[in-house]
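Reader: Please show me the model. Then let us go through it by question and answer.

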Amino acid sequence: LRYITNDTYPRTSLFTNDIYDSHIIPLDERWSIPYVDFKTIEDYYDVNNTKIIEFLELVKYNLTSAHYYMIMFVLLHIHMHLESFLFTTQLVYKENPFKYKCLKYTLPIKKDIKCIESLEFISINNNIQFEQWFWQGHNYGRTNCSNKIVFDNEIGSHFNKIKPFKVSKTLVTTYMFLQFYLDEGYTKDIYWSKRGIIWKKKNCITMPLYWHYRSKDKELYTNYFGDNINLKDIYNYPIIHISWYEAEAYCNWIGGRLLTESEWEYLSTNKSKTQYPWGNSEDLLKKCNLNYEKEWITSILDNDPILNNKYGVEQLIGNCWEWCSNVIYPYPDFNIDPLYREMSYTSFGFKKICRGGAWCVPDYLITSTYRNAQAPECRKQYIGFRVAI
């Protein structure tokens with residue numbers, strides 16, 4: 001770290017956490033801060049990038065586990081910001097960043113021949129009299145995900161029990177959620193929690209983010225980076241950009257509930273016997289919708305059965321994040337990460353668990369124990385859900 005320290009640009013007020021640390025600077029204050037000009041940042045980047053490359057050349061034949069952890073952590077943190085860049089570009093600028101690639105830009109929409117109108121439920125341990133126990137969380141002695149690092153909120157493997165339940169084979173689709181909307185689900189408080197009602201009324205929420213009605217053709221559309229997509233063209237695509245409150249209300253409307261985090265991990269590890277839903281193969285991660293390759297979510301009909309878990313549950317990894325019912329809390333014997341102390345603890349007690357990854361994150365971030373969490377009112381990210389009974 002001393003080798004990488006940048007002497008050319010000392011830590012003055014231009015480059016300290018007083019400006020760039022989102023845990024310190026409230027959102028309302030960020031608009032009035034005198035930021036550094038782009039040329040200065042560009043020069044700063046060039047100097048540091050050169051030093052990092054020199055450092056890697058210096059240690060490449062003697063790379064310690066500490067070096068590897070720090071390098072991978074920084075890379076993954078950059079990818080987290082890339083995900084933020086994507087959903088912010090869609091939310092604020094209504095512009096598609098993919099159109100600047102050296103390829104012809106087209107909307108990533110594949111219209112399906114048939115519409116899946118209802119959820120199919122799979123029974124999990126339905127014929128078993130007693131609860132099923134499994135190991136939840138990362139355990140160095142039990143799993144071995146090659147080239148993966150583990151974050152502090154995953155560590156603390158513990159024995160957990162799962163009662164028999166049913167789970168939807170697929171994620172809830174646009175068409176399915178549309179039925180909730182058409183049944184005036186947004187106006188019927190009976191389906192909403194108390195906090196959900198407060199959030200909905202305070203923010204005048206009447207439909208999912210980006211949905212809008214066009215009187216010209218009397219159709220409902222959603223916005224994809226500034227382009228309008230008729231909902232009919234994405235009926236079989238997982239519903240995304242909805243809050244935890246909206247997902248909860250839909251589950252109440254259909255007579256179900258959100259999966260618990262433990263249930264999701266039980267499904268994704270096949271009772272903690274495999275690293276992934278399909279088994280232990282790292283190579284099959286390439287078949288999941290991760291790595292920004294498809295430029296958006298895909299239809300549930302695009303699922304490859306080889307990626308299913310042993311019960312036949314589909315798309316547990318990739319495509320879009322999945323809301324779980326739980327608030328994030330630390331596992332037993334939690335130890336805060338020394339490199340990025342704010343990774344987890346600032347979310348404990350109020351953010352809701354999201355699992356499984358999405359099209360806009362790299363495959364070397366995602367495992368079956370990786371824990372994401374977002375505020376329950378979050379709608380800007382690519383989060384969907386499935387239903388449990």
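**Strands, helices and a buried glutamate**

Author: Histidine 212 stands opposite tyrosine 221 in E6. This is a predicted model, where local features need pLDDT of at least 70, side-chain atom pairs count only at pLDDT 80 or more, and totals for chains, interfaces and linings use all residues. Residues are numbered from 1 along each chain as its sequence is written, and side-chain values use heavy atoms, without hydrogens and water.

Reader: What is the strand order of the open three-stranded sheet?

Author: Strands are DSSP runs of at least two residues, helices (H or I) of at least four, numbered from the N terminus. Two strands pair if DSSP finds at least two bridges between them. The pairing in this sheet is antiparallel, and the order is E5-E6-E7.

Reader: How are H4 and H6 oriented to each other?

Author: Axes are lines fitted to C-alpha atoms, for helices over the stretch in contact, with angles from 0 to 180 degrees between N-to-C directions. The axes of H4 (residues 174–182) and H6 come within 11 Å and cross at roughly 80 degrees. Angles of 65 to 115 degrees count as roughly perpendicular. H4 and H6 are therefore roughly perpendicular.

Reader: Is glutamate 263 buried or exposed?

Author: Glutamate 263 lies in helix H7 (residues 261–269). Leaving aside neighbours within four places in sequence, glutamate 263 is in contact (heavy atoms within 4.5 Å) with Ile162, Phe165, Arg257 and Ala388. Buried means under 20% relative accessible area, exposed over 50%, partly exposed in between (1.4 Å probe, protein chains only). The relative accessible area of glutamate 263 is 7%, so this residue is buried.

How values were computed:
Angles under 35 degrees count as roughly parallel, over 145 as roughly antiparallel, 65 to 115 as roughly perpendicular and the rest as oblique.
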